[in-house]
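Hi,

Here is the structure I said I'd send over.

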Amino acid sequence: MRACIGVVILAVFVAGCGGNQQSAPGTVTYNCPANAVEVAVLQKEIPAFAETSGVTIVLHPFSGQEKLYAMMAADKAPDIFYTNSTMRDELAASGRLLDLRTVAAHDPFVGRLWPHVVDGGMAADSGWYSVGNWEFTCGVYYRKDMFDAAGIAYPDSAWTWDEMVAAARALTRRSGPGGAPARYGIYCGSHFVEALEIMNGSRFPRGGTRLELPATSREVYRRYLDLMNDGLMPDLRTVQALGMQAPQLLQTGRVAMLVEAVPHQSLIEALTVPWGVAPLPRFPGKAPAYFRSASGGLSISSHTADARASWKALKWIIGGASTYQPNPVLRDVDFVGGWESRYAALRGSGFREVWDLSLRHNGGDPRFFVRFSSWASAPIMERLQPLLDRVWARELPVDELAAHVDEINRAARTQIETSLRTSVYGSSFRARIETDLQTMEVAPAP
Amino acid sequence: MTSGRDGRTGYLYIAPWLIGFLLLTAGPMCVSLYLSTTSWTMLTPPVQVGFRNYAAILTDDPIFTVSLLNTLVYVVLSVPLGLAVALGLALLLDQKAKGVAIFRTAFFLPSITNMVAVAMLWLWIFNPEYGLLNALLQHVGIAGPLWLQSEVWAKPSLVLMSLWGVGGTMMIFLAALQGIPQELYEAAELDGAGPLSRFIHVTVPMISPAVLFNLVVGIIGTFQVFTQAFVMTGTAQPGTEGGPNNATLFVVLYLYKKAFQEFRMGYASALAWVLFFLILAATVAQMRMAKRWVHYEGGER
């Protein structure tokens, strides 16, 4: 009997101990997006890549950040996986990412990348830890038929905020019950307000450790809230509660203009009405700085068994796999032409102008979850987000939000100090965090 | 007295459960207790911090306080309401009417439906424009609120939704009601007791053990509310779960965010243990108070 129990326990123990998933040299595991179409296309093309490069890619579709971290904790991370700027510094500081300079030095592929894409993958220690695998900007999609019916000219590439508000006013239809708008002039999700902030002159250093809310940002918040106060834009909570996706808002005619990502594949595929896209409106006297995101990218695990094979695979994913081509992170491809040939509706829509402007006046990615460093992002966001909820619900005046900035920065500072005490970071990162702390001039707690 | 051979056979029978308990429950609990005294991001080895995580939670974490208050409000609203509705349904279904079995099944089914599926259904019910609830309210001339997007209505919405799952509680009440000897009602009736008096003086005392069981299990369950808040309040953007303005940030959701969005495993483990002790305290308090109002057969209180 005792032997029986022993065998059962042993069997359970053995079953619980998985084999080491570290890949063999020449074989690279890729934590690809869990998108059935992408996976199918990649699966089809991987054998041809293996034949020419000698590198076999094994796909491990992404199944959650928790699982990826658990795999890293067990030293079984996939060789290539996606990282965003919020997590990348922390992973690099903990020695989990390969510094790509060790495998990419003198590789002509680096020259094919836009310089800002390379720069976007650098961490606080000046190491290169990720390669942006996609980029997008944002613009104002509009219904041409509604502009025509209202007798308004389509927006041009230099239109201003006031012109946009005037157009929104002319396009709003208050024919709903009790004079409520049956159609709103515009909708802009709160996650794009940061794009407007940089258009109004706000500048945020990447990897910042403190929350900044300059006067230029506060002015944008007020103007944004005025769109709702004036009934030109639906209340954010209503749109969220409706659960409507951006394409539905424009397609069903609930809004005449919509601020969204450019390109936006599902939007382009869903729209059957005549539409165009314009750049974000300018603010008087301000140099244009258009939103452009290369904040996330592909990284290689520092535990990879074959760093060169992993680098080869990463290059192929970004520059070779057809599902990601033409890839906007590459400077030697005709990205706009490629998309225009795939989607005829893009021709003459304004897409090329929007894209070119964002390249010429690249304002970067100012989004909250991007602009803070790994060590400051969580304590800032968990305090800021509820306050922003109240601001967008028009329950907290913008100036009162500004009054919370010092308190939020104090909390961030406390957490960074705790992290320094209790985390095992590389020395170059530690030095950088300590420098950041010294420069954090936060008012003392009352 | 049990023989050695019988004892071993008994252990063999319970071995699958015992092994599962040791490996999948007791083991992780011990690890989490250890982790609660460390700072661990999963990327580097845990660093011992003693009781600093607990101190931070209890003295220096205003967001934990918010999540605890939200949880307490949810418990206070949903447990009594859930018990009342479940008891009401059980009383209705404790009839010898034709087709009552169909109704019993119909009321019980939602409680075994997957919570994520239920949450998706209720997202539609709470939809302010074309949702069922506001459509009904509109018929009686009331403009419905924004429900989940309203700081005021978000918690009551989830409480309302929790009633969907009272089927299990209802079944326990139904079993208890059917166990009440008919003679007690007849005796009460002879003494001139009306329906309300019979309910208060016969039914309630006789089902009080079931009430206690449902109360304890209900409070333990509602303290751990998570899925509905996670699924239904983070639809706008990842990371916004628990909104608006943290109105639906419950302790377990906060714990989840710390553990699996910020990867502060030590802090999250300490949160889990704080919650465990809160639930333990609530349960012990109920068991102590139960001596005053729970009646067991044989007259023992």
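This is a predicted model: local features need pLDDT of at least 70, side-chain atom pairs count only at pLDDT 80 or more; totals for chains, interfaces and linings use all residues.

Helix α11 of chain A (residues 215-229) has 15 residues, which at 1.5 Å a residue should span 21 Å, and its end C-alpha atoms are 20 Å apart, so the two agree. The expected span is 1.5 Å times one less than the number of residues, and helices are DSSP runs of H or I, at least four residues, with strands being E runs of at least two, both numbered from the N terminus.

Residues are numbered from 1 along each chain as its sequence is written, while chains are lettered from A and ligands numbered from 1 in the order in which they are written.

Back to α11(A): A:Ser217, A:Val220, A:Tyr221, A:Tyr224 and A:Leu227 are buried (20 or more other C-beta atoms within 10 Å of the residue's own; exposed means 12 or fewer, partly exposed is in between, and C-beta atoms are placed from the backbone). Down the helix axis these buried residues fall within an arc of 110°, so they line one face; the arc is that of the directions from the axis to the C-beta atoms. Turned away from the buried side are the exposed A:Ala215, A:Asp226 and A:Asn229. After α11(A) comes A:Gly231, with a positive phi near 75°.

As for confidence, the complex gets an ipTM of 0.78 and a pTM of 0.84 from the predictor.

Cheers
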